[in-house]
Amino acid sequence: MTASRPHALFSFGTLMDGRVQTALFGQAVPTAPASLSGYATRPLAITDPAVIATSGLDVHLTLERKYGAVVEGAVLRLTDQDLAAADAYEVDDYVRRRVLLSSGESVWAYLDAKPLRPAARIVIVGDSIAYGRCDPRGGWAARLAATHIAGNEAEHRLFNLAIPGSTLAQAAEQTPVLLGPRLPDTLLVAAGINDSAVPLSAPADHRDGLARIADSLGSLAATALAHNARLVVVGPSWLDEERTRDYGGLRFTKERVLALRESLRTWCQENHVDFLDMWEPLYEKTDLLVDGLHPAGDGHEALYQHLTALGG
């Protein structure tokens, strides 16, 4: 009986080598030429002895975003067991994520484990914290924009489209029409605490925004993939519940925000999407919050430093 090969994996390096395929999968696998637009390659030094022994190389390739570029490679058709073997072969510098081939086919590919490191054109959607409220310098997003654009002024762009008060459902509804003109390669969703808030005036059966998290994230993932952009989800930061019990007709609690954080993390793990956890930088540092909810300038600086350490 022929093994089912339900997984399509784009390779641009050693996995195209028949010797590597035989070592990993026990045989050469069905392969077809393919190309990936909007990417270029750069060398990556490998130190894992097992990987070097399998490939015969101590330098592999990794992908970075470059508008107008194309990477030629091949699509491998893999079984569940083959895909698990490929995951084990790739070193910690890589993660498996969805990409859209030039043909329009959605496939797996191994990308840089730090999602912001290979990015060129970043779009941010989110709420008032991503917007930079309470910080004249524009918050963590403005700091990220300054360093990102300074890294390559000719090609790097960052568009902050965050709207104060937005939930994930609203971001999912608004984002599709915003991406086209900006040619994004990375969609950074700053999933703040609005999805955890309970509107005090709402009927009890209309209060649970957490129940819709998976639908909203699924919609955002589909939007990102349609633009061949990498989805990166930024988790909520710590809040001081004692100062935010009733904020603008909303009730915020630590329990609800922690539930949001765990929902986001779980969904991202299950769907192979990058999750950047932003809880720790402000944890129990109430002096970094203006009103128990929005970071002051120093709080945004702490979030920015943590984001760039995690994301690259």
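# Packing exercises on a predicted model

In this predicted model, helix α1 (residues 18-25) packs against helix α3 (residues 80-89) at an angle of about 110°, and their axes are 9 Å apart.

## Exercise 1

Classify the packing of α1 with α3 and describe the residues of the contact.

**Solution.** 
- Start with the angle, about 110°. Angles of 65 to 115 degrees count as roughly perpendicular. So α1 is roughly perpendicular to α3.
- Next, list the contact. Helix α1 supplies Val20, Leu24 and Phe25. Helix α3 supplies Asp82, Ala85, Ala86 and Tyr89.
- Then sort these residues by type. Six are nonpolar, none is polar and one is charged.

## Exercise 2

Find how α5 and α10 cross, and which residues meet.

**Solution.** 
- Take the geometry of the axes. Helix α5 covers residues 139-151 and helix α10 covers residues 297-311. Their axes come within 8 Å and cross at roughly 50°.
- Assign the class. The two helices are therefore oblique to each other.
- The crossing of α5 and α10 is right-handed.
- Read off the contact. On α5 the residues are Gly139, Trp140, Arg143, Leu144 and Thr147. They meet Gly297, His300, Glu301, Leu303, Tyr304, Leu307 and Thr308 of α10.
- Sort the residues of this contact. Five are nonpolar, five polar and two charged.

## Exercise 3

**Solution.** 
- The crossing is right-handed.
- Ile213, Ala214, Leu217, Gly218 and Ala221 of α8 meet Leu260, Ser263, Leu264 and Trp267 of α9.
- By type, the contact of α8 with α9 has seven nonpolar residues, two polar and no charged.

## Exercise 4

**Solution.** 
- Inspect one pairing. Strands β8 (residues 186-190) and β10 (residues 230-234) run parallel and are joined by five bridges. Threonine 186 stands opposite arginine 230 in β10.

## Exercise 5

How many aromatic pairs does the structure hold? Classify the pair of tryptophan 238 and tyrosine 283, and locate its members.

**Solution.** 
- The structure holds two aromatic pairs.
- For tryptophan 238 and tyrosine 283, the ring centres are 6.2 Å apart and the planes lie at 75°. Planes over 60 degrees apart count as edge-to-face. The pair is therefore edge-to-face.
- Locate each ring. Tryptophan 238 is in the loop between β10 and β11 (250-251). Tyrosine 283 is in the loop between β12 and α10.
- Conclude on the connection. The pair therefore ties together parts that are 45 residues apart in sequence.

Conventions: Residues are numbered from 1 along each chain as its sequence is written. This is a predicted model: local features need pLDDT of at least 70, side-chain atom pairs count only at pLDDT 80 or more; totals for chains, interfaces and linings use all residues. Side-chain values use heavy atoms; hydrogens and water are left out. Axes are lines fitted to C-alpha atoms, for helices over the stretch in contact, and angles run from 0 to 180 degrees between N-to-C directions. Helices (H or I, at least four residues) and strands (E, at least two) are DSSP runs, numbered from the N terminus. Angles under 35 degrees count as roughly parallel, over 145 as roughly antiparallel, 65 to 115 as roughly perpendicular and the rest as oblique. A crossing is left-handed if the near helix is turned anticlockwise from the far one by less than a right angle, and right-handed if clockwise. Contact means heavy atoms within 4.5 Å. Ala, Val, Leu, Ile, Met, Phe, Trp, Tyr, Cys and Pro count as nonpolar, Asp, Glu, Lys and Arg as charged, and the others, Gly among them, as polar. Two strands pair if DSSP finds at least two bridges between them. Rings of Phe, Tyr and Trp (its six-membered ring) pair if their centres lie within 6.5 Å; planes under 30 degrees apart count as stacked, over 60 as edge-to-face and the rest as tilted.
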